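Here is a short briefing to read alongside the model. It looks at the ligand site and then at one helix.

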Amino acid sequence: MLGRMQDWPLTVDKILDHAAINHGTREIISRSVAGPIVRTTYADIRVRARKVSEALLARGVKLGDRIGTLAWNSGDHMETWYGTMGIGSVLHTLNPRLYPEQLVWIINHAEDRMMFFDVTFLPLLEAIADKLPTVETFVMYGDDSMLPESTKLPNLISNEAFLSGMSGAGVTWGGFDENTACGLCYTSGTTGDPKGVLYSHRSNVLHSLISQHVDAMGVGASDVVLPIVPMFHANCWGLVFSLPIAGSTIVMPGAQLDGESVYELLDAEKVTYSAAVPTVWMMLAEYLEQSGKMLPHLKRVTIGGSAVPENIIRLFEGKYDVQVDHGWGMTETSPLGSYCAMSPETKDLPFEEKIKVKLKQGRALFGAELNVVDDAGRQLPRDGKSSGHLMIRGCAIAASYYKDVGGNILDENGWFDTSDVANIDRYGFMQITDRAKDVIKSGGEWISSIELENIAVGHEAVANAAVIGVAHPKWDERPLLIVQLKQDCSVAPEELLALIGQHVAKWQVPDDVVFVNEIPLGATGKINKLALRETFRDYKFPTA
Ligand code: AMP
C-alpha cells in the first residue's frame with residue numbers, strides 16, 4: 001500500500017522559490033571583488049537566476065550539461081548557481097587555489113561547457129584557455145566596462161551582457177527527477193587524480209534540512225550569516241542551500257578573507273553566525289588581539305574542515321563570548337556528517353571538561369550513520385578509546401565518483417571509508433585521532449605528499465624522500481620534506497624547494513627540508529609515515 005501524500009520532488013529550485021516568496025526582502029550583501037558592497041535580496045536573486053537559466057537555454061545548455069564557476073562567494077555566483085541547477089544542468093564549482101595544470105585536468109574531465117568567473121581569475125584562465133576545448137563561452141562577472149581591451153579567451157562576455165534582454169519569465173524550473181545531478185565538486189583530498197563528487201538535487205535538499213537542525217548549523221530568519229567557507233568547498237558547507245531555507249540574511253565575503261576584512265563585515269553588518277576553517281579564525285583572532293576590537297554581535301561560529309584548535313575555543317568563548325561549534329565532514333558527505341552540539345550529559349560540565357568534548361568532532365546527524373571498524377572490518381566498541389577506520393553511509397553520501405574514477409568506493413554493506421581514523425564514545429561523540437590518507441591539509445586546502453615526494457626523488461642527489469604534515473599555528477599543518485641523500489651527494493634545501501616550486505602552487509611547497517641518514521620503511525617496503533610523524537611530532541618550522 002502506498003502512502004497518500006503529495007509527490008513533491010526534492011529539487012533545489014524550490015529552495016530559492018521559498019526564500020523569494022517568504023523572505024523576499026531579506027538581503028544578500030556581497031563584498032564584490034572590485035571592492036564596493038553590493039546589496040540585493042532573495043527576490044532579486046531569483047529574478048536574475050531565472051535570467052541566467054533563460055540565457056543558458058538560449059545557448060543550447062541542456063539537462064546534465066556542466067557549467068563551471070571560478071569565483072568567490074557573492075550574490076552573482078549565487079545567481080549562476082540557482083540559474084544552472086534550476087534547469088537541471090550541473091553547477092561545477094572550481095577551486096582557484098589549485099594550480100593551473102590541476103584546473104585544466106578537472107575542467108576537461110568535467111567537460112564544462114561554460115565558465116563563469118571573477119575578474120581576478122582572468123589571467124589564470126587566459127593562461128590555460130587553449131587547453132580547454134570543451135569550454136564554449138567564458139562569462140566574466142560585472143558589466144562590459146570591466147572587460148579587457150583584448151583577451152586570449154574565446155567568446156568572452158560580461159555577465160551583465162549575458163543577461164541583457166532576458167526576462168526569465170518563460171523559464172520552467174524543476175520538473176525533473178529529484179535524483180537528477182545538481183552540482184559537481186572535485187576533491188583533491190585523496191591520492192591520485194582529483195575525484196568528482198556529483199551531488200543530486202535530493203541529496204542537497206536533504207543535507208540542507210539535516211544541517212539546519214538546531215543541534216547543527218541551524219539558524220533562523222533573524223540571523224545575519226557570513227559564510228566564509230567558499231562556495232567551491234563542498235557547497236559552502238551547504239549554506240547556499242540551507243540559508244535560503246531559513247530565510248537568513250547572507251553576507252558574502254568575496255575574495256578578502258584576512259582578519260581585518262572579515263572583522264569589517266562582522267561589525268558593519270552585525271553578523272550573528274559564521275562558518276569557516278580554523279585558519280580564518282586564527283587570522284581574525286590575531287587581528288582582534290592587535291586592534292583590541294571586540295565581537296558584540298557575533299553569537300556562534302561553526303569551525304570544521306580541520307580539527308578546531310583548543311586556543312580558538314578558549315579565546316572565542318572565554319574572551320569574546322562567541323560559542324564555538326565543531327563540525328566534521330567531507331566533500332563526499334555533502335559535507336556535514338557530524339556536529340559537536342552539547343548533550344544533556346555534557347552541557348553542564350565545568351568549562352575545562354566541556355572543552356575536551358568540544359574538541360571532538362561530534363555526533364552523527366540524522367541521515368548520516370557513523371561506524372568505526374578495525375583492519376578486518378570488525379566493529380569497534382563505542383568506548384571513546386578504540387580507534388579505527390571511520391565509515392559513513394547515508395542519504396547525502398557519495399555512492400561513486402563522477403565517471404567512476406576510483407571504481408567501487410563502498411563496501412558490501414554500503415559503507416564509505418572516510419580514510420579518517422577515529423573513535424566514538426558511549427554518548428556517540430566521534431573524535432578523529434589520525435588520518436589514513438597520505439595528504440596534508442593546510443589552511444583548509446589539500447597538499448598531496450606523494451606528488452611532492454615524486455618531484456623530490458627526481459633530483460639526482462636524492463635517494464628517497466618523504467613529506468609529512470607537521471602542526472603549524474596558523475595553517476593547522478604545513479608540509480615538511482624529509483630527504484635521504486645518495487652516498488657522497490649533497491644538495492641545498494633551497495634547490496630542492498625551488499625544484500618543487502616549478503611543479504606545484506607556491507602554497508604547496510614544503511616549509512622546510514630536513515636530511516636524515518635513513519628514511520624508515522615498513523614491512524611492505526613503503527615509507528613508514530607513522531614513524532616519521534612520531535619522530536617529527538615536536539618539530540617547529542622556522543615560519544611558525
Ligand atoms: P574535504 O573533502 O576537503 O572537505 O576534506 C575532508 C577531510 O577533512 C576529512 O576526511 C578529514 O580528514 C578532514 N576534516 C574535516 N573536518 C575535520 C574536523 N573537524 N576535524 C579533523 N579533520 C577534519
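Lys-441 places a polar side-chain atom 3.0 Å from an oxygen atom of the ligand. On its own the ligand has 500 Å² of accessible area, and the protein covers 91% of that. Please keep in mind that this is a predicted model.

- Ser-306 takes part through its backbone, where a polar atom lies 3.4 Å from a nitrogen atom of the ligand.

**The shell around the ligand**

- The ligand is surrounded by 16 residues. Gly-327, Thr-331, Asp-420, Lys-437 and Trp-446 are the closest of these.
- Sorted by class, the shell holds 8 polar, 4 charged and 4 nonpolar residues.
- Strand S14, which spans residues 323-329, gives the largest share of the shell, with 4 residues.

**Helix H14 and what covers it**

- Helix H14 runs over residues 449-457, and its residues Ser-449, Leu-452, Glu-453, Ile-455 and Ala-456 are buried.
- Strands among the elements covering the buried residues of H14 are S21 (439-442), S22 (445-448), S23 (462-472) and S24 (476-485).
- Helices H15 (493-501) and H16 (529-535) are also included in that cover.

Key
Residues numbered from 1 in each chain as written. Predicted model: local features only at pLDDT ≥ 70, side-chain atom pairs only at ≥ 80, totals over all residues. Heavy atoms only, no water. Near = heavy atom within 4 Å. Polar contact = N/O pair within 3.5 Å; in protein donor to acceptor, adjacent residues only side chain to side chain. Areas by Shrake-Rupley, 256 points an atom, 1.4 Å probe, with all protein chains shown as cover. Helix = DSSP H or I, 4+ residues; strand = E, 2+ residues; numbered from the N terminus. Nonpolar A, V, L, I, M, F, W, Y, C, P; charged D, E, K, R; others polar. Buried < 20%, exposed > 50% of the residue type's maximum accessible area, 1.4 Å probe, protein only. Contact = heavy atoms within 4.5 Å.
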